[in-house]
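These are my notebook entries on one structure. I set down what I looked up, in the order in which I looked.

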Amino acid sequence: MQYLTSPEKVTLNRKRQAVEKMRSLVVDYTGTSTPAASATAYELRSVAVPYGNCIEPSNVKAGGQACPIRFQCAGCGFYRPDPSHLLAIDEHIFSLKATREKALAMAADDFVVRNLSDQINAFDRVRTKMREQLQDMNPEERQEIEGASTVLRKSRASQGLPTTLTITPIEHPGNG
Ligand code: SF4
């Protein structure tokens, strides 16, 4: 995967500069601009989840391991992606489309296909809004955001933060 950059170290200073550039480009799950109030808010009040950042307090506290709704980020009011997540979102949309093809081939129930389509549409709306933001910039600004995106992706990779989705099965009392 292209966005899984090598886990090299990113200095705190470079990361802080990247966050400072990126925080104004944060959107919510509808694609509405939702800037982080400060670099500190971006870093301390959010946690990396597979396709963006999450600001749900209990999940932030748990380091991104305690999503209350099983990582349905595309429809969640706590989802806060920014352009550093565009590659991950691209790959996820590709993967969701492949899964939808399989669901159709398996004659899965309509609700399964509909859920996949809804997620694809929601992620597509988010990435379109972020791409529009980038297109409105001059070339120098865009280059700075691309550099900041690379720094943040490297930082997440070096910390072992999630870049793919794994869901821990729910334990049911009495099972096993
Ligand atoms: S669905 Fe995503 S954004 Fe919402 S609480 Fe769970 S991890 Fe956070």
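**Entry 1. Basis.** I am working with a predicted model, in which local features need pLDDT of at least 70 and side-chain atom pairs count only at pLDDT 80 or more, while totals for chains, interfaces and linings use all residues. Residues are numbered from 1 along each chain as its sequence is written, and side-chain values use heavy atoms, with hydrogens and water left out.

**Entry 2. Make-up of the chain.** I looked up the secondary structure and found 6 helices and 3 strands in the protein chain. Helices (H or I, at least four residues) and strands (E, at least two) are DSSP runs, numbered from the N terminus. Read from the N terminus, the order of elements is α-α-β-β-α-β-α-α-α. I then looked up burial: 39% of the 176 residues of the protein chain count as buried. Buried stands for under 20% relative accessible area, exposed for over 50%, and partly exposed for what lies in between (1.4 Å probe, protein chains only).

**Entry 3. Helices H4 and H5.** How do H4 and H5 pack? Helix H4 covers residues 86-105, and its axis lies 9 Å from that of H5, at an angle of about 155 degrees. Axes here are lines fitted to C-alpha atoms, for helices over the stretch in contact, and angles run from 0 to 180 degrees between N-to-C directions. The two helices, H4 and H5, are therefore roughly antiparallel. The classes are: under 35 degrees roughly parallel, over 145 roughly antiparallel, 65 to 115 roughly perpendicular, and the rest oblique. The crossing of H4 past H5 is left-handed; that term applies if the near helix is turned anticlockwise from the far one by less than a right angle, and right-handed if clockwise. I also noted the residues of this contact of H4 with H5: 14 are nonpolar, 4 polar and 6 charged. Nonpolar covers Ala, Val, Leu, Ile, Met, Phe, Trp, Tyr, Cys and Pro, charged covers Asp, Glu, Lys and Arg, and polar covers the others, Gly among them.

**Entry 4. Helices H1 and H6.** I looked up a second pair, H1 and H6, whose axes come within 9 Å and cross at roughly 125 degrees. H1 and H6 are therefore oblique to each other, and H1 passes H6 in a left-handed crossing.

**Entry 5. Salt bridges.** How many salt bridges does the structure hold? I found 7, a salt bridge being a side-chain nitrogen of Lys or Arg within 4 Å of a carboxyl oxygen of Asp or Glu.

One of them joins Glu-43 and Arg-16, with the closest N and O atoms 2.9 Å apart. Glu-43 belongs to helix H2 (residues 39-44) and Arg-16 to helix H1 (residues 12-22), so this pair ties together parts that are 27 residues apart in sequence. Glu-43 is partly exposed at 24% relative accessibility, and Arg-16 is partly exposed at 38%.

Arg-23 pairs with Glu-20, with closest N and O atoms 2.7 Å apart. Glu-20 is partly exposed, its relative accessible area being 39%.

Arg-127 and Asp-124 form a further salt bridge, at 2.9 Å from N to O. Both lie in helix H5 (residues 110-135), 3 residues apart, which separates them by about one helical turn. Is Arg-127 buried or partly exposed? Arg-127 is buried at 17% relative accessibility, whereas Asp-124 is partly exposed at 31%. Salt bridges with shared partners join Asp-90, Asp-124, Arg-127 and Arg-131 into one network.

**Entry 6. Contacts across the sequence.** I located His-85 in the loop between strand S3 (79-80) and H4. His-85 is buried, at 2% relative accessibility. Its C-alpha lies 5.9 Å from that of Tyr-51, although His-85 and Tyr-51 are 34 residues apart in sequence.

Leu-86 is part of helix H4 and is buried at 8% relative accessibility. Between the C-alpha atoms of Leu-86 and Gly-52, 34 residues apart along the chain, I noted 8.6 Å.

Ser-158 lies in helix H6 (residues 139-158) and is partly exposed at 30% relative accessibility. Ser-158 and Val-10 are 148 residues apart in sequence, with their C-alpha atoms 7.8 Å apart in space.

**Entry 7. The ligand.** Which residues are closest to the ligand? Of the 13 residues that surround the ligand, the closest are Cys-54, Cys-67, Gln-72, Cys-73 and Cys-76. A residue counts as near a molecule or strand if one of its heavy atoms lies within 4 Å of it. By class, the shell has 10 nonpolar, 2 polar and 1 charged residues.
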